[in-house]
There are 2 protein chains.
Amino acid sequence: MADRSTQNRKTRTRDDFLDAATLLFAERGYYGASLADVAAELAVSKQAVLHRFASKERLYGEVLQRTAEHLERQFDEVTQVEDSAEEQLLAFLLAVGSSEPGSSTRLLMRELLDNAPRAERAGTWYLKSFLEGLIERVRTVPGWEKASRPRALALAYQLLGAVNYHSISHATLKAIFGERTYRSLEREFPKQLEATVRAALRSPP
Amino acid sequence: MADRSTQNRKTRTRDDFLDAATLLFAERGYYGASLADVAAELAVSKQAVLHRFASKERLYGEVLQRTAEHLERQFDEVTQVEDSAEEQLLAFLLAVGSSEPGSSTRLLMRELLDNAPRAERAGTWYLKSFLEGLIERVRTVPGWEKASRPRALALAYQLLGAVNYHSISHATLKAIFGERTYRSLEREFPKQLEATVRAALRSPP
DNA sequence: GCACTTGCTTACCGAACGGTAAGTTACCGA
DNA sequence: TCGGTAACTTACCGTTCGGTAAGCAAGTGC
């Protein structure tokens with residue numbers, strides 16, 4: 001580990017760069033966040049960023065990959081603690097829904113939007129194994145064992161949508177409904193999410 | 001109406017500009033789509049766009065407003081045809097889910113993401129009345145009459161998320177799972193959506 | 001027939017973009 | 001102590017961005 005206590009030693013770690021970039025890409029998107037923005041966040045020159053990551057595209061790729069891995073790890077943790085598949089899915093969705101703003105959710109949501117023009121990307125493959133895990137988990141819920149994989153994916157995607165859509169809308173919802181109503185919504189949302197998830201899982205095809 | 005048959009008369013209507021801009025903003029986002037892109041799509045100069053709409057921000061505002069109105073009209077149509085509130089909500093969600101790519105859904109989803117940095121925007125207020133309508137409709141479903149407005153909003157938002165999240169992911173899903181599985185998913189999705197919506201609506205708080 | 005408006009055009013502008021080139025400074029292993 | 005390398009820096013570069021200025025052709029009103 002690098003000696004950071006020495007005076008004048010102010011080198012950033014690779015993760016420092018990725019953290020800042022993740023936040024900015026999540027907030028403003030690929031086009032909206034510039035290399036200069038990332039650099040400014042770390043109080044270094046723009047070329048410091050280009051020194052570590054050869055290009056903006058590369059930086060974005062690494063950010064995406066790290067984020068997908070984070071999400072998958074989050075899923076793995078939950079699936080090892082909770083007992084039934086229903087509880088596991090619910091716990092995971094609640095965890096994702098309550099994660100801080102400017103995080104994985106926002107970034108991956110953007111990737112879903114932005115991916116179309118720029119063909120296939122690295123992060124896509126990380127999402128795949130994550131989604132496969134979700135499908136498998138759904139198909140171990142009582143009643144869902146004989147559901148087709150596409151059908152299970154449809155449900156998984158709907159539940160992901162239910163939680164993710166909300167978690168990107170904080171700012172807008174607050175602007176629309178005001179602080180008071182917004183806070184009520186935040187209180188009600190997890191309760192309703194639990195109801196929605198359970199209701200859906202208990203209505204197998 | 002302008003005479004368009006006269007030779008050399010090639011003026012674009014205001015809607016021509018808005019149509020092109022809507023598509024591009026939906027596809028690439030506010031930052032990703034340039035005025036030059038919009039102009040190129042219509043085979044006019046970039047300044048033709050600026051002539052009609054004073055600035056990019058203004059153009060985006062009008063695009064957003066028109067899109068929100070379109071969505072609300074779609075909702076109004078459905079709520080006048082179908083009978084029960086449950087059927088109305090289901091019909092609307094299915095309609096939104098099956099709308100063509102590059103449309104309202106994509107654009108509004110982007111607005112939810114991009115809105116945060118740029119404070120409050122015009123389109124926000126159009127979304128409000130739309131969401132209010134949804135809340136009202138949910139609270140006329142049997143069992144939901146006594147649900148709080150935030151609770152009804154939570155459900156409405158989850159159902160919106162379930163359908164919208166999917167409808168922006170076409171390209172990515174196809175890339176991840178391949179043409180075959182993707183088509184199966186597209187076939188299963190509406191069925192599962194109906195199941196999810198009904199299950200949620202029939203589990204009042 | 002002539003001013004006025006509409007709907008563009010070409011010609012620019014400064015700022016910001018991603019990226020290259022060439023140092024500079026600090027540390028580290030031999 | 002000396003060579004190499006990691007982690008930057010300053011100085012540029014060409015392109016694209018949103019936006020301004022000025023002009024011009026075609027209709028419109030009087």
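I call a crossing left-handed if the near helix is turned anticlockwise from the far one by less than a right angle, and right-handed if clockwise. Helices here are DSSP runs of H or I with at least four residues (strands are E, at least two), numbered from the N terminus.

The model is predicted, so that local features need pLDDT of at least 70 and side-chain atom pairs count only at pLDDT 80 or more, while totals for chains, interfaces and linings use all residues. Residues are numbered from 1 along each chain as its sequence is written, and chains are lettered from A and ligands numbered from 1 in the order in which they are written.

**Entry 1: confidence in chain A**

I began with pLDDT (the predictor's confidence in each residue, from 0 to 100), and found a mean of 87 for chain A, with 89% of its residues at 70 or more. Over residues 1-9 of chain A pLDDT stays under 50, and for this stretch the model has 3 contacts beyond four places in sequence, a contact being two residues whose C-beta atoms, placed from the backbone, lie within 7 Å.

**Entry 2: α5 and α8 within chain B**

I then looked up helix α5 (residues 85-97) and helix α8 (residues 149-167) of chain B, whose axes come within 9 Å and cross at roughly 20°; axes are lines fitted to C-alpha atoms, for helices over the stretch in contact, with angles from 0 to 180 degrees between N-to-C directions. The pair α5(B) and α8(B) is therefore roughly parallel (under 35 degrees; over 145 is roughly antiparallel, 65 to 115 roughly perpendicular and the rest oblique). I noted their crossing as right-handed. On the α5(B) side B:Leu93, B:Val96 and B:Gly97 make the contact, and on the α8(B) side B:Leu159, B:Val163, B:His166 and B:Ser167.

**Entry 3: α1 and α2 within chain A**

Helix α1 (residues 14-32) and helix α2 (residues 35-42) of chain A pack at about 125° with axes 9 Å apart, which means that α1(A) is oblique to α2(A). The crossing of α1(A) past α2(A) is right-handed. From α1(A) I listed A:Asp16, A:Phe17, A:Ala20, A:Ala21 and A:Leu24, which meet A:Asp37, A:Val38, A:Glu41 and A:Leu42 of α2(A). The contact of α1(A) with α2(A) has 6 nonpolar and 3 charged residues, with no polar ones.

**Entry 4: between the chains**

I looked up the contact of the two chains, in which 51 residues of chain B touch 52 residues of chain A. On the chain B side α1 (14-32), α6 (104-114), α7 (122-138), α8 and α9 (170-201) each supply at least two residues, and α9(B) has the largest share with 15 residues. That side of chain B divides into 27 nonpolar, 16 polar and 8 charged residues.

Within this topic I also checked α8 (residues 149-167) of chain A against α8(B), and their axes come within 7 Å and cross at roughly 115°, so α8(A) is roughly perpendicular to α8(B). This crossing of α8(A) and α8(B) is right-handed. Among the residues of α8(A) that meet α8(B) are A:Tyr157, A:Gly161 and A:Tyr165, and those of α8(B) include B:Tyr157, B:Gly161 and B:Tyr165. The contact of α8(A) with α8(B) has 8 nonpolar, 8 polar and no charged residues.

I took a residue as near a strand when its C-beta atom, placed from the backbone, lies within 6 Å of it. Around DNA strand D there are 17 residues, of which A:Ser45, A:Ala48, B:Ser34, B:Ser55 and B:Lys56 come nearest. Two or more residues each come from α3 (46-52) of chain A and from α2 (35-42), α3 (46-52) and α4 (56-81) of chain B. The largest share of the surface near DNA strand D, 3 residues, is that of α3(A), and by class this surface has 5 nonpolar, 8 polar and 4 charged residues.

Around DNA strand C I find 20 residues, with A:Ser34, A:Ser55, A:Lys56, B:Ser45 and B:Ala48 nearest. Here α2, α3 and α4 (56-81) of chain A and α3 of chain B each supply at least two residues. The surface near DNA strand C divides into 5 nonpolar, 9 polar and 6 charged residues.

Terms used: Nonpolar A, V, L, I, M, F, W, Y, C, P; charged D, E, K, R; others polar.
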